[in-house]
Amino acid sequence: VPVLVPCLDATQTDVERVTQDLLAARNIPQGARRLYARRPPRPPAREVPRRMPIRPDTHLVQFALGWAVAPEQRATVRLTTRFRTAVLRNLIRIKTKGATARWSDAPAGVRDEIAGMTGKDSQGEPLRGPRAHGEFLLWWHGGVPTRLLVWRDAHPFDRDEQEAILRAAAQELSWAAAGPDAEAWKIKLIPLDVAVPPPPGFDGASATTWRTLTPYVLPRHHLRGGKVRESETIGRQIRRELAARGYASGLLSMEEVEPPTWVAVHVPRRQIGQQPFIGDRYGYRLRLSFEAPISCPLRLGHSSSFGLGIFVPV
């Protein structure tokens, strides 16, 4: 590209000449000469991913969601399951220093180390007792998902677990079933700072009345021959689960606020071949009233660690 530079014998008057001067209006003003320079290459434009700092005492990691096509509520468990799979692959890769990303190929010691995320021991058996593993939840507002939550109440996420979560969030996730739309129907995860308050129910607020945010699915089949089993009614199963979770306050009433709908549930790999576990299940919209206020993230029923059965305080 051409560049005008002063001549070696240019005077101060030549250098300070203004554009209104006739001598400066020439293609090459008096006291100047034309040289040529190579234009430097423009650096490629690329997005700099936002990296959240690793923080101690972190029980909740939140992500905002961006999409071109809003996910359907039926895809809740599919989306959270895929994100959980991505987190576990990254965590195993970190623990094995890149040797493998598969749980089945990881050493038994590594499987025990990541039990707090997988919810199973090195032999693949589910952990017993209160929930001590990571839960992957989708938060809904106005009929669309607004946040993805990674929550663990028992103990905070360590450095490797937080790093695995952030690495998994750097990739877009498809919420559609396998097919031509799988690549188009994706969501993008944007990490939220700790200054963003947690959603209701995760902020420690207490209430005597709670309602379902996502459909509640019975953990056990309550019908036999088309008739309701008295020992497995909705009320009995909820009371049994509340007692197992250690909720001391008694349940006063339970009310169905909407007709049930079909929802997809999480199917463990070991149960995929079992016909009774294939397909959708009935999801119920409920309203629970307790004798005294309870304070906790309330998740009940089937697939409650994958986004179903979330209750919010009224």
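Residues are numbered from 1 along each chain as its sequence is written, and side-chain values use heavy atoms, with hydrogens and water left out. Because the model is predicted, local features need pLDDT of at least 70 and side-chain atom pairs count only at pLDDT 80 or more, while totals for chains, interfaces and linings use all residues.

I begin with the sheet that contains β4. Helices (H or I, at least four residues) and strands (E, at least two) are DSSP runs, numbered from the N terminus, and two strands pair if DSSP finds at least two bridges between them. On that basis, 5 strands form an open sheet with antiparallel pairing, in the order β4-β5-β3-β7-β6. At the edges stand β4 (135-141) and β6 (173-174); each has a single partner strand, so one side of each is left without a neighbour in the sheet. Helix α2 (residues 76-95) packs on this sheet and touches β3 (60-67), β4, β5 (144-151), β6 and β7, where contact means heavy atoms within 4.5 Å. The direction of α2 makes about 140 degrees with that of β4; axes are lines fitted to C-alpha atoms, for helices over the stretch in contact, and angles run from 0 to 180 degrees between N-to-C directions. Helix α5 (residues 159-169), by contrast, lies across β3, β5 and β7 and runs at about 0 degrees to β3.

Of the 7 residues of β4, 6 are buried (under 20% relative accessible area, with exposed over 50% and partly exposed in between; 1.4 Å probe, protein chains only).

Next, the interior. A nonpolar core is a set of buried Ala, Val, Leu, Ile, Met, Phe, Trp, Tyr and Cys residues joined through side-chain atoms within 4.5 Å. The largest one has 32 residues, and those with the most contacts inside it are Phe-63, Phe-83, Val-150, Ile-165 and Leu-189. At least two residues of this core come from each of β3, α2, β4, β5, α5 and β7, and α2 gives the most, with 8 residues. Apart from it lies another core of 18 residues, including Ala-207, Ile-234, Cys-296 and Phe-311.

The other sheet is also open and antiparallel, with 5 strands in the order β11-β12-β8-β14-β13. Strand β8 (residues 206-212) and strand β12 (residues 280-295) are joined by 5 bridges, and Trp-210 stands opposite Leu-288 in β12. Helix α6 (residues 234-244) packs on this sheet, touching β11, β12 and β13.

I close with the aromatic residues. Rings of Phe, Tyr and Trp (its six-membered ring) pair if their centres lie within 6.5 Å; planes under 30 degrees apart count as stacked, over 60 as edge-to-face and the rest as tilted. There are 7 such pairs. The ring centres of Trp-139 and Phe-202 are 6.2 Å apart with planes at 80 degrees, so this pair is edge-to-face. Trp-139 lies in strand β4 and Phe-202 in the loop between β7 and β8, 63 residues apart. Trp-139 is buried at 8% relative accessible area, and Phe-202 is buried at 10%.
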